[in-house]
Amino acid sequence: MRKLAIVVPLVIVLSACASTKPPADKLTQVEASIQQAEQVGAENYAPLEIREARKKLTEARELVAKEKYEKAKRTADRAMVDAELAQMKSLSEKAQKAVRELRESIRVLQEEIQNNIDKSESQS
């Protein structure tokens with residue numbers, strides 16, 4: 001029983017300390033997500049979020065270099081969230097801009113129609 005009391009905590013400690021593989025796939029996914037955010041205009045529509053994503057990706061790479069893989073993975077996860085937020089915020093801002101432009105076009109058209117109606121009524 002005494003050996004079991006020593007072995008179980010030892011196994012738990014060793015499994016907690018066991019290093020995992022470098023999160024290379026996760027870093028690649030984060031890079032792709034950042035590129036997608038950049039392609040939809042994150043520099044203009046979500047500059048803070050895209051900057052945070054890049055910063056955290058750099059931190060994750062540094063942690064991988066130091067062989068702190070678990071912390072690197074968590075940092076990469078946070079970078080992914082920031083990159084996705086930047087992408088969604090950019091898409092939302094672009095959509096809102098398109099709606100504003102469409103509304104303005106409709107307003108101008110309504111004014112022109114009303115002006116034409118007024119002209120035709122005054123001529124008759």
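Predicted model: local features only at pLDDT ≥ 70, side-chain atom pairs only at ≥ 80, totals over all residues.
Trainee: How do you know whether α2 and α4 are roughly parallel or antiparallel?

Mentor: They pack at an angle of about 160°, with their axes 11 Å apart, where axes are lines fitted to C-alpha atoms, for helices over the stretch in contact, and angles run from 0 to 180 degrees between N-to-C directions. Angles under 35 degrees count as roughly parallel, over 145 as roughly antiparallel, 65 to 115 as roughly perpendicular and the rest as oblique, and therefore α2 is roughly antiparallel to α4. The residues in contact include Leu 27, Val 30 and Ile 34 of α2 and Ile 50, Ala 53 and Leu 57 of α4.

Trainee: What is the angle between α2 and α5, and how far apart are their axes?

Mentor: α2 and α5 pack at about 20°, with axes 8 Å apart, and that angle makes α2 roughly parallel to α5. Among the residues that make this contact are Val 30, Ser 33 and Ile 34 of α2, together with Met 80, Ala 83 and Ala 86 of α5.

Trainee: What makes α4 and α5 roughly antiparallel?

Mentor: Their packing angle is about 165°, with the axes 8 Å apart, and therefore α4 and α5 run roughly antiparallel to each other. α4 also passes α5 in a left-handed crossing.

Trainee: Why is Ser 33 called buried?

Mentor: Ser 33 lies in helix α2, residues 24-39, a helix being a DSSP run of H or I with at least four residues, numbered from the N terminus. Its relative accessible area is 5%, so Ser 33 is buried, given that buried means under 20%, exposed over 50% and partly exposed in between, with a 1.4 Å probe and protein chains only. Apart from residues up to four places away in sequence, Ser 33 touches Met 80, Ala 83, Glu 84 and Gln 87, where contact means heavy atoms within 4.5 Å.

Trainee: What is the relative accessible area of Asp 82, and which side chain is joined to Asp 82 by a polar contact?

Mentor: The value for Asp 82, found in helix α5, is 13%, and so Asp 82 is buried. A polar contact of 2.6 Å joins its side chain to that of Lys 56, the term meaning N or O atoms within 3.5 Å; within protein, one must be able to donate a hydrogen and the other to accept it, and residues adjacent in sequence count only if both atoms are side-chain atoms.

Trainee: How exposed is Arg 107?

Mentor: Arg 107 has a relative accessible area of 36%, which means partly exposed. The side chains of Arg 107 and Glu 104 are joined by a polar contact of 2.4 Å.

Trainee: Which residues touch the most other members of the largest nonpolar core?

Mentor: Of its 15 residues, Val 30, Ile 34, Ile 50 and Ala 86 do, a nonpolar core being buried Ala, Val, Leu, Ile, Met, Phe, Trp, Tyr and Cys residues joined through side-chain atoms within 4.5 Å. α2, α4 and α5 each supply at least two residues of this core, and α5 gives the most, with five.

How values were computed
Residues numbered from 1 in each chain as written. Heavy atoms only, no water. Left-handed = near helix turned anticlockwise from the far one by under 90°.
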